[in-house]
Amino acid sequence: MERKNEKIILFPHTKERLVEEGIKALQAKRYQEALRFFHKAEQLGEHRFHVKLSIVVCFCELGEFSEAERRCRMLLQENEEDAEILQMYLSILMQLRRYEQAETVIRQALHRRSLPAAVREHLLRLLHFSRQMAERRLPSAEQDGVQQLLSSSDITEHMRVIKQLENEDITPILFILKQYLLDKANNPITKTMVLRLLTLKNVSDVVTVEKFGQTMDVIPAKLNERSQTTFALNVLQQLENKLASKNPSLYEVAVDIWLRYTYMLYPFSPAPALLDEWMAALHLAACQFQGMPATAEKIARMYHVQAQDIDFLCQKLCEAEEISYF
């Protein structure tokens, strides 16, 4: 690439060369490397079918089935009649143990008359298998085990269990996870993990989340994390403009504090929604964490805000920091 008048000029056939390198890496089973090439090509506007399919294959081979499922689902929506994509999508759902979803997809496919006989027969066998697995319930001992682990005071054990559930059918224990989100005794960080798990599993029930004395009803399947965190991202962007070039290490500390805080709050937004006050509070908190001499009054003047306001917000950040380390 070359730069001319601040505009990026691509060398000819850049996308094509990236795709070629991606395919070579894929054929050599260097899936991570292949994915990097395909992603770069994608960022340059490469959206051909075989590239999208190659990306799905890479994610499958790397064991990242949730992302593979998302991309393969979109590919199938664009190519409903493609039996190979359909079978690939079903195999991904099986890996994720989403048997009820697989059953729905198979039933929809079987309504199409254009399916080859061999594919139809294969789908019928898969339908039988999916139905059996969907009807299978987690043994009560396993349910009890999950409940017992999530009731313990060991937060790292909670995190391990929640992570494991990413590859499990959570339908039989959904009620346990709903209770977990409501229980005031549970850590807000692991509650965020549970909520993200429910979003990943496309749960369309209304669930109530309790954090810091507030409650919120949400439908995990409809949660959009980016839109939920618009204010938080705006604070980061403005803070970068204000602090990053003057003191990069202090800025990095402030970013870490903010990301932990907003992760802990999710799906709630930082309140009050006062951009300058939060930037000043982060600046002050970062100074305190690095042992730098700073007063709320001095930093308040830099951001044209009131010292008592940033003291209050800084205290909230510090309290959250204490909870985030266990």
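Modeller: Happy to walk through this one with you: buried means under 20% relative accessible area, exposed over 50%, and partly exposed in between (1.4 Å probe, protein chains only). The model is predicted, so local features need pLDDT of at least 70 and side-chain atom pairs pLDDT 80 or more, while totals for chains, interfaces and linings use all residues. Residues are numbered from 1 along each chain as its sequence is written, and side-chain values use heavy atoms, without hydrogens and water.

Colleague: Thanks! Is S54 buried or exposed?

Modeller: S54 lies in helix α3, residues 49-61 (helices are DSSP runs of H or I, at least four residues, numbered from the N terminus). Because its relative accessibility is 10%, S54 counts as buried.

Colleague: Which residue has its backbone oxygen 2.7 Å from a polar atom of the side chain of S54?

Modeller: Leaving out residues up to four places away in sequence, S54 touches L26 and F38 (contact means heavy atoms within 4.5 Å). The backbone oxygen at 2.7 Å from the polar side-chain atom of S54 belongs to H50.

Colleague: Which helix gives the largest share of the lining of the largest pocket?

Modeller: The lining of this pocket has 16 residues, with E100, Q101, D169, T171 and K201 nearest its centre. By class, 5 are nonpolar, 4 polar and 7 charged (Asp, Glu, Lys and Arg count as charged; Ala, Val, Leu, Ile, Met, Phe, Trp, Tyr, Cys and Pro as nonpolar; the others, Gly among them, as polar). The largest share, 3 residues, comes from helix α6.

Methods. 1 Å grid on protein atoms, 1.4 Å probe; cavity = no way out; pocket = protein on both sides within 12 Å on 5 of 7 lines; lining within 4 Å. Helix = DSSP H or I, 4+ residues; strand = E, 2+ residues; numbered from the N terminus. Polar contact = N/O pair within 3.5 Å; in protein donor to acceptor, adjacent residues only side chain to side chain.
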